[in-house]
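Here are some notes to go with the structure, for anyone opening it for the first time. Keep the model open as you read and click through the residues point by point.

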Amino acid sequence: MDQTDLTITLPLSAQQGQIILLALGIAVASVIVWVATETETRKPSPLALLKAFGWAMVPIWLLLFGGTLWQVWQMLSGGHTAFAGRQSLGAGALVAALLGAPFVVWGTVLKQRTVDFQQEGHITDRINKAVEQLGAEKTEKVYTMGDDNKPIQAERTVPAIEVRIGAILSLERIAQDSTRYDKGRDHVRVMEILCAYVRENSNARAPRDFPLPKWKSLKHDATDEERKLHIEARKDRFDDGPFRTPKARKWAKDLPKPRADIAQALLVLGRRTTDQRRVEAAWPNPPEEGIVWPFDLACPELPEVKDDAPQTVPEIDRFSEKLSAWRERLRTYSGYRLDLRGANLQGADLSAKRPDASDAVFSGALLNDVRMEGANLSWARMEGANISASRMEGGCLSGVRMDGANLALSQLEGAEITGAHMVGVVLDWSRLEGADLRQVRMAGANLS
């Protein structure tokens, strides 16, 4: 059988093919330079690509520049030059264009940097304006009765709540934009501003104390009369009324709610996105690919009991090892944490809309010495949070996730904690009199 050679002819001349190969070479060189220099994020920004193209063009530019100088010298000295004749005008124009390309690229880089500086200044102005609005006040008229029973008009300065709420929402938008376009450089600063705002403004109103003294246990050598009085007092304090509602819970329901601007700031703090939390995990460095906020890692749990068979010793040991490693990772976390220490959050709504929602994430937060009597923490996420020495009498913690949290020295009298996840929680020296602890997962908890 005869073999037939197949020849494919491209509609390109040799010169056109050389130009295409040159362009492909420049493109490949630009990509190589970009990969070698942009090691942080590997995201192809226009400025990074321009820089890479400029560096890739440097050898070609040097060759053309040297060749052009040689041709000019030949022309001035009367020797043979490639610029002689009209047919070489196109080649001369091409050389001139190539020689000017680096200057065009450099000018574009400078313009891009100018735009970046202007954008940074714009974000700074937005933050400054929002912070100014956080302190907005207004004057309102009030009337009091004088000694002659006639109304007396006076003026007082009060917070401009609607302006402050607008400032809080503006700061939230800045944090989100920073996370998307600026590696989250301003996100943590915004969170610090909002946390400081909550701490300072929530304490403008003094917290109310639970009117009853701390519950005292019955003495071991109590008399029959003392035992009878103790049982009656216990029933009155913890099983009051037909619904057996603790008095602490009844008292907490009447506590005033936080101001609307403080409630809005808490809402913004709780609904931080996954990307925002990744920025916090890497703080003060920009987030790298693959970084994980450690509080998003699931807490280990004991396997469920089957057919009333207890867990075996190896299962318990494996669970203890995993729990210890998980708690140690949370304890040694060095990123940013929400700081609400000492805030007055009595009656605050820190709950999530549904059990699987992520709109109330306070995991890892610093909540030491916080007043949260009567607060609603239903389904909130508080894994690894430090809530030591806090007051939560009469609070609603149904379904809350407090795995690995520190609740040492906290007051939880009469709190509703049904269905909560509190694996590995620290409850040393906490007070839980009258608390509802049905269906609470507390494997590996510290109870003393």
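1. Let's start with the lining of the second largest pocket, whose residues split into 4 nonpolar, 4 polar and 4 charged. Bear in mind that this is a predicted model. The pocket's volume is about 290 Å³. If you want to find it, look for R327, E328, L330, R331 and R337, then G384, A385 and N386, then G404, A405 and N406, and finally V426; these residues line it.

2. How many cavities of 30 Å³ or more does the structure hold? The count is 1. The largest cavity holds about 40 Å³ of space. Around it you'll find R272, E280, W293, Y336, R337, L338, F362, S363 and G364 as the lining. Sorted by class, that lining has 4 nonpolar, 2 polar and 3 charged residues.

3. Across the whole structure, a search turns up 4 aromatic pairs.

4. Now for a helix packing to look at. Helix α5 (residues 187-202) and helix α8 (residues 260-270) have axes that come within 10 Å and cross at roughly 145°. The crossing of these two helices is left-handed. On the α5 side, the contact is made by M191, L194, C195, Y197, V198, N201 and S202; α8 brings D261, I262, A265, L266, V268 and L269. What classes do the residues of this contact fall into? They divide into 10 nonpolar, 2 polar and 1 charged.

5. Two spots in the backbone deserve a look. As background, most residues other than glycine have a negative phi, and most peptide bonds are trans. K183 has a phi near 55°, a positive value in a residue that isn't glycine. You'll find K183 in the loop between α4 (161-181) and α5, the helix that crosses α8.

6. The other spot is a peptide bond. Is the bond from W283 to P284 cis or trans? The bond is cis, and its omega is near 10°. As for location, P284 sits in the loop between α9 (274-282) and α10 (313-331).

Terms used: Residues numbered from 1 in each chain as written. Predicted model: local features only at pLDDT ≥ 70, side-chain atom pairs only at ≥ 80, totals over all residues. Heavy atoms only, no water. 1 Å grid on protein atoms, 1.4 Å probe; cavity = no way out; pocket = protein on both sides within 12 Å on 5 of 7 lines; lining within 4 Å. Points joined across faces, edges and corners; volume = space filled by probe spheres on them. Nonpolar A, V, L, I, M, F, W, Y, C, P; charged D, E, K, R; others polar. Phe/Tyr/Trp six-rings, centres within 6.5 Å; stacked < 30°, edge-to-face > 60°. Axes fitted to C-alpha atoms, helices over the stretch in contact; angles between N-to-C directions. Helix = DSSP H or I, 4+ residues; strand = E, 2+ residues; numbered from the N terminus. Left-handed = near helix turned anticlockwise from the far one by under 90°. Contact = heavy atoms within 4.5 Å.
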